[in-house]
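Here is a friendly note to read with the structure open beside you. Take the points one by one, and find each residue on screen before moving on.

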Amino acid sequence: MGLDIFLQHFLNALQWGSFYALIALGYTMVYGVLLLINFAHGDIFMVGAYIGFFIATFLLGIGGNSFAIPSWLILTLTILGSMVLTSGVGLTIERVAYRPLRERGANRLYVVITALMIGLFLEYLNLSLLGAADRGFPELIQTDVYTVGGVSFTNVKLIVIGLSVIVMVALEVFLRRTKIGMAMRAISYDKVAVPLMGVPMNAIIAATFVIGSSLAALAGIMYGSAYHVLSFDMGILIGWKAFIAAVVGGIGEVRGAMVGGFLLGFIEIFVVALGQVPGFEWLSSTYRDLVAFTVLLVILTVKPTGLFGVARRQKV
Amino acid sequence: MPMLQIKHLTHYFGGLRAVYDFNLEMEQGDLVGLIGPNGAGKTTIFNLVTGAYRPTEGEVLLDGENLVGMRPHEITTRGIARTFQTIRLWNELSVLDNICIARASRIQYGLVDSILHGKRYWDEERQIKRRAFDLLAMFGLDKEAHEAAKNLPYGEQRKVEIARALATEPRLLLLDEPAAGMNPGEISDLMEFIQQIRRDFNLAIWIIEHQMRVIMNICERIKVVDFGETIAYGTPEEIRNNPRVIEAYLGEEAFDAA
Amino acid sequence: MKKYYLPLLILVLFVGIVGGSWLHVFNEYWQLVILFMGINIVLTVSLNLINGFMGEFSCGHAGFMAVGAYVSSILTVWLFADDKIFGPPVLPASWAIPLFPVILIIGAIAASLAGLLVAIPSFRTRGDYLAIITLAVNYIVKSAIENMEVIGGPRGFVGMKRVMNNMAAVFDAPWLLIWTFIGMLATIFIIRNFMSSTFGKGIEAIREDEIAAELMSVNTRRLKVIAFMLSCGLAGLAGGLFAHGPGGYINPGTFTILKSTEVMVMVYLGGMGSISGSIISAIGFTLLLELLRPLGTYKWVVIPLLLVVMMLFRPSGILGNKELTDVFPKLRAIFGAEEENYAHAAN
Ligand SMILES: Nc1ncnc2c1ncn2[C@@H]1O[C@H](COP(=O)(O)OP(=O)(O)O)[C@@H](O)[C@H]1O
Ligand SMILES: [Mg+2]
C-alpha cells in the first residue's frame with residue numbers, strides 16, 4: 001500500500017470514525033449519568049438525519065422558488081433545526097418512557113427493553129409513514145474534489161472531520177468548565193454524592209439527552225451529506241456498533257467514546273482497504289463486521305473495563 | 001496448631017491503609033471480640049478472612065492451610081461462615097430457600113440429578129429441607145419458612161442471616177455487628193443465643209460489635225483496632241482499663257454505656 | 001389419582017395437536033402457528049433462565065439459535081438429502097426418523113459449547129458486560145455465517161425440506177410438530193426441575209445478591225456457566241427445530257438482534273423468573289403477531305407502543321416472578337407442587 005493510498009484510507013477512516021464517535025458519545029453520556037443503555041440512540045441518529053432531510057428540502061424549495069437562500073445559511077439552519085428538534089425527540093422519550101420507570105425504581109432490565117422498543121417504534125414508524133424507498137439527501141455543500149500529491153478528497157469529507165473534532169473539543173470544554181458539565185462528570189464517578197451537592201438531577205439528565213441527541217442529529221446530517229442515502233434502518237447497525245465502540249472506550253468515559261469510535265472506523269476501513277492489496281484478496285470486504293466485532297471482543301476480554309474505564313470495586 | 005491463625009494481615013484500598021499487620025490466633029470454641037471506632041477496618045478484616053477481598057499482604061491459615069487466594073465459596077466450604085453488617089439476605093426468596101441454598105457446597109448430586117430428580121436427589125433434598133427446618137425451629141422461625149425473606153421484621157432477618165451462616169456447617173462463625181438496630185431486650189436474647197450456638201455447634205465465634213454490653217459480657221478475649229492497627233488485645237477487664245482504648249473511643253458513647 | 005392429571009393433560013394436548021395436524025383438522029397455516037408457539041416457548045423459557053432467574057442480561061439468544069439451526073441442518077442435509085454440495089445422502093432415508101432427535105441434540109450441544117466460549121470471558125465481571133458480549137457475539141455469528149460460502153453465505157442454506165419430505169415418505173407423520181412438542185416439554189421439564197432444586201436455586205441467589213451467594217458457599221462462577229450453557233443449548237434446540245420448518249430454508253438474516261429482541265420481549269411479557277408466564281406469553285405473543293399481520297409494517301409500531309405502555313402500567317409482566325400455580329392454587333391439583341414432597345420433612 002503506497003503512502004498516497006494509505007492517506008486516502010486514513011481520511012476515509014477519520015470520516016467514518018467521526019460518525020461512530022459522535023453516536024458513541026450519546027451512548028456513553030447517558031450511561032455515565034443514568035447507567036442506562038439507551039438502545040434507541042442509533043435510531044435517534046436516523047431521526048436526526050430525516051429531520052435534517054426535511055428541513056433542507058423545505059428550505060431548498062423556498063430558495064428555488066422565490067428568493068435564493070445562500071447555501072451556507074441552509075446548511076446552518078438545517079443543522080441547528082435538526083439538533084433542536086431531535087433533542088426534543090430525545091427529551092420526549094426520556095420524559096415519557098424512561099423517567100417514569102426510573103422514578104418507580106424499576107429493574108434496569110425493563111428500562112433496557114423499553115429502550116429497545118422505542119428504537120423499533122421509531123424505525124417502523126418511519127418505514128410505515130415514509131415507505132421503504134431510500135431518500136436521497138440533498139447536496140447542501142457543493143462537492144469539490146481536491147487532489148494533493150495523489151491523495152484526492154472532497155471538501156465534504158474535510159468539513160465532516162473538522163466539524164466532528166470541533167464539536168468534541170467543545171464538549172470536553174463544556175464538561176470541564178461549566179457547572180452542569182462538571183456535575184455530569186461527577187455523577188459518572190459517584191452516583192450518590194452528586195444529588196447531595198445540590199445540582200438538580202433532572203436538569204443534568206435533560207442536558208445529557210439534549211447533548212446526546214444533538215450530536216446524533218449532527219452525525220445524521222453529516223452522514224446524509226457524505227453518502228446522500230437515508231433509510232429507515234440506517235441507525236440500527238451503526239448504532240449497535242457505536243455502542244460497542246463506547247464500551248470498548250470504557251462506557252461512561254467521554255474520551256473513551258471518541259477513541260473507541262475512531263478505532264472502530266479505522267478497523268473497518270482498513271479491513272476493506274487491505275482486501276484490495278495483492279496477497280490479501282482473501283480478506284473480502286464482507287469480513288468487515290466480523291473483524292470489527294472480533295477485535296472489539298478481544299479488547300473487552302483483555303480489558304473488561306474498556307480502554308479508558310476504571311474498575312469499580314463492589315463494596316461488601 | 002491453632003485452628004485459625006492470621007499473620008501480618010494488611011490491606012490497602014488504593015492509598016488508604018485499611019488494615020495493617022493484623023495478627024490473631026483462635027481455637028475451637030473460642031469467643032473473640034473485635035472492636036474499634038467506625039472506619040477502623042473491622043469489616044475489612046472479615047472481608048479479607050472470608051476471601052471477599054484479597055489481602056495486600058499476610059496469611060490466613062485454617063488448620064494450617066493458607067486461605068489467601070481462594071475464592072470465597074471455597075473458604076466457606078472449609079468452615080468459615082459470616083453474617084453482614086448490613087443484612088444481605090436473598091430478599092425475594094423464601095426463608096427456607098435462604099437456608100437451603102447455603103448448603104450448596106454440601107450437595108452431592110450432580111447437574112443431571114438436579115434435572116431428572118431421581119431417588120438420590122429426593123433423598124438428599126429431603127435431608128437438606130429437614131436440616132433447614134431444624135435450624136429454623138431453633139431460631140423460632142419455622143412458621144415463617146415460606147415467607148419471602150424481605151417480609152420479615154428486621155430482628156428476624158438478622159436471625160435468618162445467622163441461621164443461613166450456620167447452614168454452611170462452619171467451624172468458625174464471624175458476626176458483623178449482630179446487635180445493630182436491636183432493642184435492649186433483643187440484645188439480651190442475642191447474647192444468650194450466641195453462647196448457646198457456640199455450645200450446640202461447638203463453634204469458634206468471632207464478633208464485631210459496637211454494643212459494649214455484648215462484647216464485655218460474652219467475649220473471652222477482645223481485639224481493639226484503630227486506623228487499621230491493633231491497639232490492644234486482652235480480656236474484657238484489661239481492655240476496659242487500657243488507656244489507649246479509652247483514648248481511641250474518646251467521645252464515643254458506646255463505650256461509656258458499657 | 002392427582003398424579004395422573006398432568007400426564008393426561010400432556011397426552012390430550014399431544015394427541016390433539018399432532019393428530020389434528022395429521023388428519024388436517026387444522027390447515028397448514030395453523031400448523032405453522034402452533035409450530036412457532038412451540039419453538040417460541042423453548043426460546044422464551046430458556047432465555048428466562050438467564051434474564052429472569054439469574055438477572056443477567058443476554059441479548060444474543062438468536063446467535064445461539066443460529067448455531068443450533070446451522071449445525072443440525074447441515075447434518076440432516078449431509079446425511080439424508082441429495083445435495084449439490086454434500087452429494088447424495090450418506091444414510092438411507094429410513095434412518096432419518098430415529099436420528100432426527102439425535103441431530104437436534106447435537107445442534108443443541110454445539111450451541112451450548114458456543115455458550116461456553118462466551119460465558120468464560122463474560123462472567124468475570126458483573127453488570128452489563130454479558131449484554132455487550134452477547135450482542136457482539138450475535139453479530140459475529142451472523143457475520144461468520146454470511147462469510148461461509150459453502151453453506152450458502154448470506155443467501156442462506158436449503159435442503160431441509162427434502163429431508164423432511166424423505167422422512168414423511170418413509171412414514172407419513174407430522175414429524176417436526178412431534179419433535180417440537182417433545183422439545184418444548186423437555187425444555188419446560190428441564191428448567192422447572194433445575195430451578196426447583198437447591199442446586200439450581202443458587203441461580204436466584206445470584207440474582208438477589210451475588211456476593212452473598214459466593215460467601216454462602218455457592219460456586220457462583222460455575223453455576224453461571226452451567227446456566228448459560230443450558231440456556232444456549234436450548235436456544236440451539238429451538239434453532240434446529242426452526243430450521244426444519246415448512247420453509248425448509250434458513251439464512252443469517254433470520255438470526256439478528258431483532259429476533260433476540262423478540263425473545264427478550266416474550267420473557268419480559270410473561271414475567272422475569274416465571275416459567276408459566278413465559279409459556280403463556282410465548283403463546284400469546286405468537287398469536288398477537290399473527291393477529292396484527294393485517295397491519296403490515298404498522299405491526300411493529302403498535303407492538304412496541306403496547307409494550308412501553310404496559311411497562312408503565314404493569315411493569316412486572318403478566319405473572320411477575322410468580323407461577324400460575326401461585327396465582328391459582330387450585331391448579332396445583334394438575335401441575336403439582338414440589339413442596340408437597342417435603343410435607344413430612346417439616347416434622
Ligand atoms: N471497598 C472499599 N473501597 C475503598 N475503601 C473502603 C472499602 N471498604 C472499606 N473502605 C474503607 O476502609 C476503612 C475501613 O472500613 P471498614 O472495614 O468498613 O470499617 P469498620 O467496619 O471498622 O467500620 C474505611 O476508611 C472505609 O472507608
Ligand atoms: Mg464495619
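1. Let us begin with Lys191(A). Setting aside residues within four places in sequence, Lys191(A) is in contact with Gly32(A), Val33(A) and Leu35(A). This lysine sits in the loop that joins helix 6 (179–189) to helix 7 (193–196) of chain A. Please keep in mind that you are looking at a predicted model.

2. Is Lys191(A) buried, exposed or partly exposed? Lys191(A) counts as partly exposed, because its relative accessible area is 35% and that class covers values between 20% and 50%.

3. Staying in chain A, look for Glu172(A) in helix 5 (residues 155–177). Glu172(A) is buried, because its relative accessible area is 14% and the cut-off for buried is under 20%. Leaving out residues up to four places away in sequence, Glu172(A) touches Val254(A), Arg255(A) and Met258(A).

4. Now turn to the largest nonpolar core, which has 285 residues. Which of them touch the most other members? They are Phe39(A), Tyr98(A), Leu173(B) and Phe194(C). Helix 1 (residues 3–34) of chain A gives the most to this core, with 15 residues. The core also takes at least three residues from each of domain 1 (1–79 + 172–258) and domain 2 (90–169) of chain B.

5. What does Phe39(A) touch, if residues up to four places away in sequence are not counted? In chain A, the list holds Tyr27(A), Val112(A), Ala115(A), Leu116(A), Trp240(A) and Phe243(A). Leu135(C) is on the list too.

6. Chain B deserves a point of its own. Chain B is divided into domain 1 (1–79 + 172–258) and domain 2 (90–169). Taken over C-alpha atoms, the centres of domain 1 and domain 2 of chain B are separated by 27 Å. To the contact, domain 1 of chain B brings 18 residues and domain 2 of chain B brings 13 residues.

7. Next comes the ligand. Between which chains does ligand 1 lie? Ligand 1 lies between chains A and B. There are 13 residues around ligand 1, and Gly39(B), Gly41(B), Lys42(B), Thr43(B) and Thr44(B) come nearest.

8. Zoom in on the polar atoms here. A polar backbone atom of Gly41(B) is 2.9 Å from an oxygen atom of ligand 1. Thr43(B) uses its side chain: a polar atom there lies 2.7 Å from an oxygen atom of ligand 1. With Tyr53(B), a polar side-chain atom lies 3.0 Å from a nitrogen atom of ligand 1. On its own, ligand 1 exposes 560 Å², and the protein buries 73% of that.

9. Which elements give two or more residues to the shell around ligand 1? They are strand 2 (16–26) and helix 1 (42–49) of chain B. Helix 1 of chain B gives the most to this shell, with 3 residues.

10. Follow chain B to Asp30(B), in the loop between strand 2 and strand 3 (31–35). Asp30(B) is buried, because its relative accessible area is 14%, and the cut-off is under 20%. A polar atom of the Asp30(B) side chain lies 2.7 Å from the backbone nitrogen of Glu27(B). Beyond four places in sequence, the contacts of Asp30(B) include Arg198(B), Leu203(B) and Glu220(B).

11. To finish, a pair of histidines. Most residues other than glycine have a negative phi. His117(B), however, has a positive phi, near 55°, and His24(C) also has a positive phi, near 55°. His117(B) is in the loop between helix 4 (111–116) and helix 5 (119–138) of chain B, while His24(C) is in the loop between helix 1 (5–22) and helix 2 (28–53) of chain C. His117(B) is buried, with a relative accessible area of 10%, whereas His24(C) is exposed, with a relative accessible area of 55%.

Note on methods
Residues are numbered from 1 along each chain as its sequence is written. Chains are lettered from A and ligands numbered from 1 in the order in which they are written. This is a predicted model: local features need pLDDT of at least 70, side-chain atom pairs count only at pLDDT 80 or more; totals for chains, interfaces and linings use all residues. Side-chain values use heavy atoms; hydrogens and water are left out. A nonpolar core is a set of buried Ala, Val, Leu, Ile, Met, Phe, Trp, Tyr and Cys residues joined through side-chain atoms within 4.5 Å. Buried means under 20% relative accessible area, exposed over 50%, partly exposed in between (1.4 Å probe, protein chains only). Helices (H or I, at least four residues) and strands (E, at least two) are DSSP runs, numbered from the N terminus. Domain bounds come from an automatic or database domain assignment. Contact means heavy atoms within 4.5 Å. A residue is near a molecule or strand if one of its heavy atoms lies within 4 Å of it. A polar contact is a pair of N or O atoms within 3.5 Å; within protein, one must be able to donate a hydrogen and the other to accept it, and residues adjacent in sequence count only if both atoms are side-chain atoms. Accessible areas come from the Shrake-Rupley method with a 1.4 Å probe; for residues, only the protein chains shown count as cover.
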